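Reader: I have the model open. Can you walk me through a few spots?
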Amino acid sequence: MTETSETTEPRGDATRARLLDAAIAAFAEKGFNGTTTRDIATAAGMSPAAVYVHHKSKEELLYLISRSGHQETLDLVRDAVASSSDPATALRNVIHDFAVHHARAQTVARIVNYELAALTPEHRAEIRAVRRQIDHTIRELVDRGVASGVFDTPDSRIATVALLSLGIDIARWYREGGDWSPEDIAVTYADMALRIVGAR
């Protein structure tokens, strides 16, 4: 690697990161369809042409934001599930961490969860596959709790949908400086989650 490439690659990474941050801000304010590449470039302090130097399209920016956000959520869920062999404790940790994440990162979470239709079919299929892994991980935990007699719920699929909806919807309504902190919401939602699955 030449000295020039060593110095320009970190600069290119920083520029791409700046454009991603600008896209997050623009998508959050105007929605994907209401945002132009000029809006993103302006928010990043660059010319519109600069967007295409680093990213193929506006949709690619949305895909990168969505892929990163979903992978982070999957990792968070898997870590929380693995935190305890007791299904009730593990579920409490999952929902607590899931809720805190969706409150603290509510701008990104709102984009990640509510702009899926704007992705290309190929990108949408990839993101849906990650979403299915998140769903499967939580459902497995619920099923394990039912099998061990810790949970009592007649339909683990519906319970899983309800559990995921708790956290995902936070991104729609949560705003900093409101009545509840992310921790307040997380503790309350963790208690609700145990009631949803009929924890004994």
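This is a predicted model: local features need pLDDT of at least 70, side-chain atom pairs count only at pLDDT 80 or more; totals for chains, interfaces and linings use all residues.

Reader: What is Thr-73 in contact with, leaving aside its neighbours within four places in sequence?
Author: Phe-98, His-101, His-102 and Ile-134. Thr-73 belongs to helix α4, residues 58-81 (helices are DSSP runs of H or I, at least four residues, numbered from the N terminus).

Reader: Is Thr-73 buried or exposed?
Author: Buried, because its relative accessible area is 8% (buried is under 20%, exposed over 50%, partly exposed in between, with a 1.4 Å probe and protein chains only).

Reader: Where does its side chain reach?
Author: The Thr-73 side chain reaches the backbone oxygen of Gly-69 at 3.0 Å.

Reader: Switching to Pro-182. Which helix?
Author: Helix α9, residues 182-196. Pro-182 counts as buried because its relative accessibility is 15%.

Reader: What does Pro-182 contact, beyond neighbours within four places in sequence?
Author: Val-100, Ala-103, Arg-104 and Tyr-174. From C-alpha to C-alpha, Pro-182 lies 8.5 Å from His-102, though 80 residues separate them in sequence.

Reader: Last one. Which residues of α7 meet α8?
Author: Arg-131, Ile-134, Asp-135, Ile-138, Arg-139, Val-142 and Asp-143. On the α8 side are Ser-156, Arg-157, Thr-160, Leu-163, Leu-164 and Ile-168.

Methods:
Residues are numbered from 1 along each chain as its sequence is written. Side-chain values use heavy atoms; hydrogens and water are left out. Contact means heavy atoms within 4.5 Å. Helices (H or I, at least four residues) and strands (E, at least two) are DSSP runs, numbered from the N terminus. A polar contact is a pair of N or O atoms within 3.5 Å; within protein, one must be able to donate a hydrogen and the other to accept it, and residues adjacent in sequence count only if both atoms are side-chain atoms.
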